Amino acid sequence: MIDVKALLDSGATGMFIDKKFAEGNEIAMRSLDKPIRVYNVDGTLNQGGSITHEVTLMMSHKGHKEKVVFQVCDLRKSTVIIEYTWLQKHNPMIDWKTGDIKFTRCPRECNVTTKKCKQKKAWAFKYKTSVKEVDEEAKEKECEDNEETEDNIYL
Ligand SMILES: [Zn+2]
């Protein structure tokens, strides 16, 4: 597990990882069948050349884990760039003052903490309808525990 700084870029059109970072951490790279050309905003070819490799990594943040394919690219300033469609899909709550990110509006396929809590709640109601209030408290405690024990990312 490596801590990285990721740039959430609403203007990006892909998921990218810095070439030097990937090489330095000996991340296994796969070569692409067809290199992807990188263009600058003005339409000229990027000095860094074409994208020739990609890597698959598990990206995790608190309870949120996801397999992501990153294009290997010379990013210089960031380690990882996360694209707009990713932001659209997971729609995370971002506290712009603290930089804290919470995944509360993920699609079903994401195994996030909030989803686990909902499942526990459903289970409690199904089997113990007469002690609803007690179960509510128990559920909240479990959620807090989850949040404290799950940590790893660093956006
Ligand atoms: Zn998600």
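Phe 16 stands opposite Gln 71 in strand 5. The two strands concerned, strand 2 and strand 5, run parallel and are joined by three bridges. Strands pair here if DSSP finds at least two bridges between them. Strands (E, at least two residues) and helices (H or I, at least four residues) are DSSP runs, numbered from the N terminus. In general, strands of a sheet pair through backbone hydrogen bonds, either parallel or antiparallel.

This is a predicted model, in which local features need pLDDT of at least 70 and side-chain atom pairs count only at pLDDT 80 or more, while totals for chains, interfaces and linings use all residues. Residues are numbered from 1 along each chain as its sequence is written.

**Overall architecture**

The protein has four helices and eight strands. From the N terminus on, these elements follow the order β-β-α-β-β-β-β-α-β-β-α-α. Of its 155 residues, 12% count as buried. A residue is buried if 20 or more other C-beta atoms lie within 10 Å of its own, exposed if 12 or fewer, and partly exposed in between, with C-beta atoms placed from the backbone. Two residues are in contact if their C-beta atoms, placed from the backbone, lie within 7 Å. Among contacts with a separation of 6 or more, 59% are between residues 24 or more positions apart.

Six strands form an open sheet in the order 1-6-2-5-4-3, with mixed pairing. Its edge strands are strand 1 (6-8) and strand 3 (30-36), each of which pairs on one side only. From one strand to the next the twist averages 35°; axes are lines fitted to C-alpha atoms, and angles run from 0 to 180 degrees between N-to-C directions.

| Strands | Sense | Bridges |
|---|---|---|
| Strand 2 and strand 5 | parallel | three |
| Strand 3 and strand 4 | antiparallel | three |
| Strand 4 and strand 5 | antiparallel | eight |

Strand 4 covers residues 51-61. Gln 71 in turn lies opposite Phe 16. Strand 4 and strand 5 form a hairpin with two residues between them, and Lys 62 in the turn has a positive phi of about 50°. The bridge partner of His 61 is His 64 in strand 5. Strand 3 lies largely in the open, because the number of buried residues among its seven is zero.

Strand 5 spans residues 64-73 and includes Lys 65. Lys 65 is partly exposed, since 15 other C-beta atoms lie within 10 Å. Its C-alpha lies 7.5 Å from that of Cys 110, although Lys 65 and Cys 110 are 45 residues apart in sequence.

**The nonpolar core**

A nonpolar core is a set of buried Ala, Val, Leu, Ile, Met, Phe, Trp, Tyr and Cys residues joined through C-beta atoms within 7 Å. The largest such core has eleven residues: Met 15, Phe 16, Ile 17, Ala 22, Ile 51, Phe 70, Val 72, Cys 73, Val 80, Ile 81 and Ile 82. Strand 2 (16-18), strand 5 and strand 6 (80-82) each supply at least two residues of this core. In soluble globular proteins, nonpolar side chains tend to be buried together. Not counting residues up to four places away in sequence, Ile 81 touches Leu 7, Asp 9, Ala 12, Met 15, Phe 16 and Leu 75.

**Loop residues with positive phi**

Glu 26 is not a glycine, yet has a positive phi of about 50°. Glu 26 lies in the loop between helix 1 (19-24) and strand 3, and is exposed because 7 other C-beta atoms lie within 10 Å.

Asn 91, also not a glycine, has a positive phi of about 45°. The loop that holds Asn 91 runs between helix 2 (84-90) and strand 7 (93-95). Asn 91 counts as partly exposed because of its 13 C-beta neighbours inside 10 Å. Asn 91 and Cys 106 are 15 residues apart in sequence and 6.5 Å apart in space, C-alpha to C-alpha.
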